Amino acid sequence: MHILVLLMGLMTAASAQTPRLENGPAKQIKMVVLGDSLSAGYGLPGPAAFPIRLQKALEAKGIKVEMSNAGVSGDTASGGRERLDWSVPDGTDAVIVELGANDALRGIDPAVTRAALSDIITKLQARKIAVLLCGMLAPPNYGSEYAAKFNAIYPDLSKTLGVPLYPFFLDGVAADAKLNQADGMHPTAAGVDIVVKNILPTVEAFLGAISGQRS
């Protein structure tokens with residue numbers, strides 16, 4: 001009797017590791033990372049790019065994910081909005097939005113960035129696609145007033161549009177010379193692994209929420 005209870009407990013724990021999108025067998029989640037060079041893998045071999053490393057980290061947790069890298073180097077939030085329909089194909093379950101770093105580097109009006117990100121999120125929500133928003137912080141180049149307006153975009157959109165937020169995509173990596181390439185802006189392969197390690201709990205919770213909503 002005790003052995004049977006133990007086995008049932010182990011089976012329950014194992015099944016809980018893989019999100020279920022519907023009743024029945026676990027279904028592979030189709031996820032797109034819509035981003036810029038930070039997620040595209042600029043300066044890195046393909047297997048070292050953020051989407052691939054995140055996919056492997058999730059699979060190590062028993063979470064099946066079909067990951068698409070829709071990162072375009074140099075893209076702004078407005079650029080991501082323009083290519084949204086073909087970057088996120090039908091049948092996609094979830095999107096990680098990682099955009100805005102180039103907006104901040106170019107000093108684009110935060111109102112423009114905010115509008116573009118808002119459009120991206122609302123269009124995905126209209127397609128019944130779950131969204132995880134990744135925040136970005138403005139560099140000090142344009143002053144504190146600009147930074148305050150820009151930095152507020154992400155938590156504001158998370159709250160008003162009801163999407164989960166990972167506050168700062170480069171948390172633990174930004175400004176660390178050992179974890180960035182020579183340009184000081186793009187993570188090395190080791191830097192990407194730190195990003196993945198730090199964001200992983202948020203992504204797991206995000207996917208778990210999707211599973212609960214669709215079960």
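Reader: Which residues of helix H8 (residues 143-151) are buried?
Author: Please keep in mind that this is a predicted model. A residue counts as buried when its relative accessible area is under 20%. In helix H8, Tyr 146, Ala 147 and Phe 150 are buried. Seen down the axis of H8, these buried residues fall within an arc of 100 degrees, so they line one face of the helix.

Reader: What does the face of H8 turned away from its buried side carry?
Author: That face carries exposed residues, namely Ser 144, Glu 145 and Ala 148. On the buried side, the covering includes helix H6 (101-106), helix H7 (110-126) and helix H9.

Reader: How many helices and strands does the chain have?
Author: The chain has ten helices and five strands. Of its 215 residues, 44% count as buried.

Reader: In what order do the strands of the sheet stand?
Author: The general idea comes first. Strands of a sheet pair through backbone hydrogen bonds, and the pairing is either parallel or antiparallel. Here, five strands form an open sheet in the order E2-E1-E3-E4-E5, and the pairing is parallel. Strand E2 (65-71) and strand E5 (165-166) stand at the edges with a single partner strand each, so one side of each has no neighbour in the sheet.

Reader: How many bridges join strand E1 (residues 29-35) to strand E3 (residues 94-98)?
Author: Five bridges join these two parallel strands. To follow one of them, find Val 33, whose bridge partner in E3 is Ile 96.

Reader: Which strands does helix H3 (residues 50-60) lie across?
Author: Helix H3 lies across E1, E2 and E3, and runs at about 165 degrees to E2. Helix H9 (residues 153-161) lies across strand E4 (130-134) and E5, where the angle to E4 is about 160 degrees.

Reader: Which residues of the largest nonpolar core touch the most other members?
Author: They are Leu 54 and Leu 207, in a core of 61 residues. Helix H10 (residues 189-214) supplies the largest share of this core, nine residues.

Reader: Is Arg 83 buried or exposed?
Author: Arg 83 is buried, because its relative accessible area of 6% is under the 20% cut-off. Arg 83 lies in the loop between helix H4 (77-82) and helix H5 (84-87). A polar atom of the Arg 83 side chain lies 3.0 Å from the backbone oxygen of Ala 70. Beyond four places away in sequence, Arg 83 touches Leu 34, Gly 35, Ala 70, Gly 71, Val 72 and Asp 75.

Reader: Where is Thr 76 found?
Author: Thr 76 is found in the loop between E2 and H4. With a relative accessible area of 10%, Thr 76 is buried. The side chain of Thr 76 reaches the backbone nitrogen of Gly 79 at 3.1 Å. Among the residues that Thr 76 touches are Leu 99, Asn 102 and Asp 103.

Reader: Why does Val 112 count as partly exposed?
Author: Partly exposed residues fall between the buried limit, under 20%, and the exposed limit, over 50%. Val 112 has 38% relative accessibility, so this residue counts as partly exposed. Val 112 is found in helix H7. The C-alpha atoms of Val 112 and Ala 77 are separated by 8.5 Å, although the two residues are 35 residues apart along the chain.

Notes: Residues are numbered from 1 along each chain as its sequence is written. This is a predicted model: local features need pLDDT of at least 70, side-chain atom pairs count only at pLDDT 80 or more; totals for chains, interfaces and linings use all residues. Side-chain values use heavy atoms; hydrogens and water are left out. A nonpolar core is a set of buried Ala, Val, Leu, Ile, Met, Phe, Trp, Tyr and Cys residues joined through side-chain atoms within 4.5 Å. Buried means under 20% relative accessible area, exposed over 50%, partly exposed in between (1.4 Å probe, protein chains only). Helices (H or I, at least four residues) and strands (E, at least two) are DSSP runs, numbered from the N terminus. A polar contact is a pair of N or O atoms within 3.5 Å; within protein, one must be able to donate a hydrogen and the other to accept it, and residues adjacent in sequence count only if both atoms are side-chain atoms. Contact means heavy atoms within 4.5 Å. Two strands pair if DSSP finds at least two bridges between them. Axes are lines fitted to C-alpha atoms, for helices over the stretch in contact, and angles run from 0 to 180 degrees between N-to-C directions. The arc is that of the directions from the helix axis to the C-beta atoms.
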